[in-house]
Amino acid sequence: MQIPTSVSTQSTTTISERRRDGPILHPERPGKPVCGIYQYDGTCDFGFACPFDHPKDLQPTGLVMEQQGPKKRKRGEKKPRLTLRGFTFEQQEAHFKRANETEGFHVGYVPLGSRRGGIIYPVPLSQCSSIPKNLAKLAIKGYNEEHATTYKFVKLIRVNMKSVGGIVYYITFQAKDMKSGSRPQNFQTRVFQSIRDTKVRLCRLEQKKSTLPEGPGETSQQQDQ
């Protein structure tokens, strides 16, 4: 898997600038699952090409803001500017290295200001829609057919994703072989999902983790960030 190696300096994109950069309109599709990217950072690069719901009044769950300036303002003083923090040059270099070494399954924390197209970032399990779980079930079904096994999905462990002509999910999950009754095993699957189709690109037993230090917030059982 080829991961982009270009880097940029630390981002200080404001909320208004971030929304102006993305599509102006986000389609509301009642009855459809909420778009995971839109739910997390409040924007979706696919616009009307995205098949998922984009509720107008949804409060993005991933927005972690930093206030610049003092907490208390003097009378007449302008409201402090809210920014989206991004990677420094060194942090982004380390991110790409970790993503290459682990094929996208262990990337550590990615600040909101750096979550743009082509960047793999983690999604806390508590903020996931039902999509990653359903994709993991689809992947283990294909694995069983190919290897004549009887594994059954147990739970999600970690979910990473990126947007590039669709959404690529990097999902680590547990599954148990119902025939042997052995302990659950950790699996990894990479699934590409677009408005037209869903393709399981990879499903395998979990591979060795990166030898690099773990990123902030990354553990064997992904926690909320």
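User: How many bridges pair strand 5 and strand 6, and in which sense do the two strands pair?
Analyst: This is a predicted model. In it, strand 5 covers 167–177 and strand 6 covers 185–193. Within this pair, Ile171 has Thr189 of strand 6 as its bridge partner. Strands 5 and 6 pair in the antiparallel sense, over 9 bridges.

User: Which residue of strand 7 is the bridge partner of Phe192?
Analyst: Strand 7 runs over 198–205 and pairs with strand 6 in the antiparallel sense over 7 bridges. The two strands form a hairpin with 4 residues between them. The bridge partner of Phe192 in strand 7 is Lys199.

User: How many of the residues of strand 6 are buried?
Analyst: Strand 6 pairs with strand 5 and also with strand 7. Strand 6 is mostly covered. Of its 9 residues, the number buried is 7.

User: Which residues touch the most other members of the largest nonpolar core?
Analyst: In soluble globular proteins, nonpolar side chains tend to be buried together. The largest nonpolar core here has 32 residues. Those touching the most other members are Tyr169, Ile171, Phe173 and Phe187.

User: Against which strands do the buried residues of helix 4 pack?
Analyst: Helix 4 has 17 residues and reaches 24 Å from its first C-alpha to its last, close to the 24 Å expected. Its buried residues are Ile131, Pro132, Leu135, Ala136, Ala139, Ile140, Tyr143 and Asn144. An α-helix has 3.6 residues a turn, so residues three or four places apart point the same way. The buried residues of helix 4 pack against strand 4, strand 5, strand 6 and strand 7.

User: Which residues does Tyr169 touch, leaving out those up to four places away in sequence?
Analyst: Tyr169 is among the residues with the most contacts to other members of the largest core. Its contacts include Ile131, Pro132 and Leu135, which are buried residues of helix 4.

User: Is His106 buried or exposed?
Analyst: His106 is found in the loop between helix 3 (89–102) and strand 3 (121–122). His106 and Arg158 are 52 residues apart in sequence, and their C-alpha atoms are 8.6 Å apart. The relative accessible area of His106 is 1%, and the cut-off is under 20%. His106 is therefore buried.

User: Which parts does the salt bridge between Glu103 and Arg204 tie together, and how far apart are they in sequence?
Analyst: The closest N and O atoms of Glu103 and Arg204 are 3.1 Å apart. Glu103 is partly exposed at 28% relative accessibility, whereas Arg204 is buried at 16%. Because Glu103 lies in the loop between helix 3 and strand 3 and Arg204 in strand 7, the pair ties together parts whose separation in sequence is 101 residues.

User: What is the N to O distance in the salt bridge of Asp197 and Lys199?
Analyst: The structure holds 2 salt bridges. Asp197 is partly exposed at 31% relative accessibility, and Lys199 is partly exposed at 39%. Their side chains meet with an N to O distance of 3.8 Å.

How values were computed
Residues numbered from 1 in each chain as written. Predicted model: local features only at pLDDT ≥ 70, side-chain atom pairs only at ≥ 80, totals over all residues. Heavy atoms only, no water. Core = buried A, V, L, I, M, F, W, Y, C linked by side-chain atoms within 4.5 Å. Buried < 20%, exposed > 50% of the residue type's maximum accessible area, 1.4 Å probe, protein only. Contact = heavy atoms within 4.5 Å. Expected span 1.5 Å × (residues − 1). Pairing = 2+ DSSP bridges. Salt bridge = Lys/Arg side-chain N within 4 Å of Asp/Glu carboxyl O.
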